[in-house]
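Subject: Structure handover and notes

Dear colleague,

Please read the notes with the coordinates open.

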Amino acid sequence: MRIYGINPVNEALRARRVTALRVSPRGDDRLAAIVRAAEQQGIPVRRANAHELDRFARGGAHQGVVADVHDAVCYNVEDLIAQAAGVPLIVVLDQVEDPHNVGAILRTVDAAGADGLVRQSRHAARLDGAAAKASAGAVSHVKIAEVVNIARALEILKEAGVWTVGLAGDAPQPYDALDLTVPVAIVAGAEGVGLRRLVRERCDWLASIPMHGHVQSLNVSVATGIALFEALRQRRSKRVQ
């Protein structure tokens, strides 16, 4: 797998996933630090001109650095539950295919300290390139379980005692009225489509984020972030009481 950009490559180095590095010969202090970190890990570093880097990054905004990385560790849904740091908090994506949205969601999952992300192996954005860049490197740290069937994944979560909350704009119940201090999985669907019928029917609860302006919907990554940080707010409040 190939990633590019200063933050994604830095985080991949921290996770010790980089196998080879290509950098611009006209690097700044940030690129010099990346080269030093790579050399300390014994990773081969090659200087490449702008044309080569553009080609390796397939036209992406590489910021002068491109890295080859090991594929991420494979997890299943049960792993995410068993390895949760505390009360499980998981995100499930139902056919979210835009790499920028997937990357932004991964960044939020990491920032919220959630226990991982479940997504379908088909109809899914690649986790290199644009998704890695949009994640600001979080793709190297978030545990990801790829499944064949999202509806079945929800059943596995429920069997393990994890409540499933589907985000749906037409749901009568607002997201902050739910108890998110319990083991919970936030389920988000693709923009313009939302949750598919079978996935929607498998959710324990459906919740909406009330809109008070002229726009009647939110970007899926923003909606996911709002729900995740509401779960954190509730859990912090519960610990304080």
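This is a predicted model: local features need pLDDT of at least 70, side-chain atom pairs count only at pLDDT 80 or more; totals for chains, interfaces and linings use all residues.

Residues are numbered from 1 along each chain as its sequence is written, and side-chain values use heavy atoms, with hydrogens and water left out.

**The chain as a whole**

The chain holds nine helices and ten strands, where helices (H or I, at least four residues) and strands (E, at least two) are DSSP runs numbered from the N terminus. The radius of gyration is 19 Å, which agrees with the value near 18 Å that a compact globule of 241 residues would have; the radius is taken over C-alpha atoms, and the globule rule is 2.2 Å times the number of residues to the power 0.38. Along its principal axes the C-alpha trace spans about 55 × 40 × 35 Å.

Of the 241 residues, 49% are buried, a word that here stands for under 20% relative accessible area, with exposed meaning over 50% and partly exposed in between (1.4 Å probe, protein chains only). The accessible surface comes to about 12000 Å², and carbon and sulfur atoms account for 49% of that surface; the areas come from the Shrake-Rupley method with a 1.4 Å probe, and for residues only the protein chains shown count as cover. Among contacts (heavy atoms within 4.5 Å) between residues at least 6 apart in sequence, 79% join residues at least 24 apart.

As for charge, there are 29 positive and 26 negative side chains, and the centres of the two sets lie 4 Å apart. Lys and Arg count as positive and Asp and Glu as negative, with His and the chain ends not counted; the place of a charge is taken as NZ of Lys, CZ of Arg, CG of Asp or CD of Glu.

**Strand pairing**

Two strands are said to pair if DSSP finds at least two bridges between them. Strand β2 (residues 18–23) is mostly covered, since five of its six residues are buried. Five bridges join β2 to β4 in the antiparallel sense, and Val18 has Val69 of β4 as its bridge partner.

**Buried residues**

Val91 lies in strand β5 (residues 89–94) and is buried, with a relative accessible area of 0%. Not counting residues up to four places away in sequence, Val91 touches Ile105, Val109, Gly116, Leu117, Val118, Ile186, Thr224 and Leu228. Ala227 is 136 residues from Val91 along the chain, yet their C-alpha atoms are separated by 9.9 Å.

Thr108, in helix α5 (residues 99–111), counts as buried at 17% relative accessibility. Leaving aside neighbours within four places in sequence, Thr108 is in contact with Gly225, Leu228 and Phe229.

Arg119 sits in strand β6 (residues 117–120) and is buried, with a relative accessible area of 7%. Beyond four places in sequence, the contacts of Arg119 include Leu93, Val102, Ile144, Glu146 and Ile150.

**Exposed loop residues**

Arg16, in the loop between α1 (6–14) and β2, has a positive phi of about 55 degrees although it is not a glycine, and at 59% relative accessibility Arg16 counts as exposed. Arg58, in the loop between α3 (50–56) and β4, likewise is not a glycine and has a positive phi of about 50 degrees; Arg58 is exposed at 74% relative accessibility.

Val73 belongs to the loop between β4 (65–69) and α4 (77–82) and counts as exposed at 57% relative accessibility. The C-alpha atoms of Val73 and Ala114, which are 41 residues apart along the chain, are separated by 17 Å.

With best regards
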